[in-house]
Amino acid sequence: ETLKNAGCVQLAFGLESASQPMLDNINKLVTVEQMDNAINLCDKHGFVSQGSFMINIPGEKSSDVDKTINFALTHNIDGGLGMAICTPFPGTKMWKWCIDNYLIDDVVYWGNFKYDTLSINMSLMPTDQLLRLRDKGTEIFNRCVLDRENSRVRKVIDMKKQLGVYHD
């Protein structure tokens, strides 16, 4: 109620994954059930919700990615959906994990260390499969955002009416 009264229209969530083992693996400190509740509360109270996910979490399998895609499909995340590639950086636990698992070469090309480029495959999938799943997820997410446009527009109009700044 406080957020609504302040004029908040949209909430963005870094959901990362809908696979509990993957969330635990990256120390997300959130459960899939809490993510479910947050998105459902946004929808119930008329907030537009945005969700960001990532693939290539250490130890990730295709079934983990499928859970993430299905989560996005079954929840009314109507403000935007994104799927980035999880990237390790120096000084992080993930970077140390990559070193411990011999995934980092002696010479590192830093130009590949971007959210949309696969710098190091940390998943349990072959690189071509991981990239296909990323492309599939991105395509599905883009379609979802377009399909949910009416929901997003309705929520924004309702909020503007409540605030007295929308006139037919």
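**Aromatic cluster, helix packing and cores**

Trp 110 has a relative accessible area of 45%, so the residue counts as partly exposed. The model described here is predicted. Trp 110 belongs to one aromatic cluster together with Phe 89, Trp 95 and Phe 113.

**Aromatic pairs**

- A pair of aromatic rings is described by how far apart the centres are and by the angle of the planes.
- The count of aromatic pairs in the model comes to six.
- One of them joins Phe 89 and Phe 113, with 6.1 Å centre to centre and 55° between the planes, and is tilted.
- This pair links distant parts of the chain: Phe 89 lies in the loop between β3 (80-85) and α5 (93-100), while Phe 113, 24 residues apart from it, lies in the loop between α5 and α6.
- Phe 89 is partly exposed at 38% relative accessibility, whereas Phe 113 is buried at 11%.
- Trp 95 and Trp 110 form a stacked pair, because their ring centres are 5.7 Å apart and their planes stand at 15°, an angle under the 30 degrees that stacking requires.
- Trp 95 sits in helix α5 and Trp 110 in the loop between α5 and α6, so this pair ties together parts that are 15 residues apart in sequence.
- Trp 95 is buried, with 12% relative accessibility, in contrast to the partly exposed Trp 110.

**Helices α4 and α6**

- Two packed helices are described by the distance between their axes and the angle at which the axes stand to each other.
- On the α4 side the contact is made by Ser 62, Val 65, Asp 66, Ile 69, Ala 72 and Leu 73.
- On the α6 side the contact residues are Gln 129, Leu 133, Lys 136, Gly 137, Ile 140, Phe 141 and Cys 144.
- By type, the residues of this contact are eight nonpolar, three polar and two charged.

**Nonpolar cores**

- The largest nonpolar core holds 24 residues.
- Those with the most contacts inside this core are Leu 15, Met 35, Phe 53, Phe 71, Ile 77, Leu 81 and Phe 141.
- Two or more core residues come from each of α3 (32-44), β2 (48-55), α4, β3 and α6.
- Helix α6 gives the largest share, six residues.
- Leaving aside residues up to four places away in sequence, Leu 15 touches Leu 23, Lys 28, Met 35, Ile 39, Gly 51, Ser 52, Phe 53, Phe 71 and Ile 77.

- Most residues other than glycine have a negative phi.
- Asn 27 is placed in the loop between α2 (20-25) and α3, and its relative accessible area of 46% makes it partly exposed.
- Tyr 102 is found in the loop between α5 and α6 and is exposed, with a relative accessible area of 75%.

Notes:
Residues are numbered from 1 along each chain as its sequence is written. This is a predicted model: local features need pLDDT of at least 70, side-chain atom pairs count only at pLDDT 80 or more; totals for chains, interfaces and linings use all residues. Side-chain values use heavy atoms; hydrogens and water are left out. Contact means heavy atoms within 4.5 Å. Helices (H or I, at least four residues) and strands (E, at least two) are DSSP runs, numbered from the N terminus. Ala, Val, Leu, Ile, Met, Phe, Trp, Tyr, Cys and Pro count as nonpolar, Asp, Glu, Lys and Arg as charged, and the others, Gly among them, as polar. Rings of Phe, Tyr and Trp (its six-membered ring) pair if their centres lie within 6.5 Å; planes under 30 degrees apart count as stacked, over 60 as edge-to-face and the rest as tilted. Buried means under 20% relative accessible area, exposed over 50%, partly exposed in between (1.4 Å probe, protein chains only). A nonpolar core is a set of buried Ala, Val, Leu, Ile, Met, Phe, Trp, Tyr and Cys residues joined through side-chain atoms within 4.5 Å.
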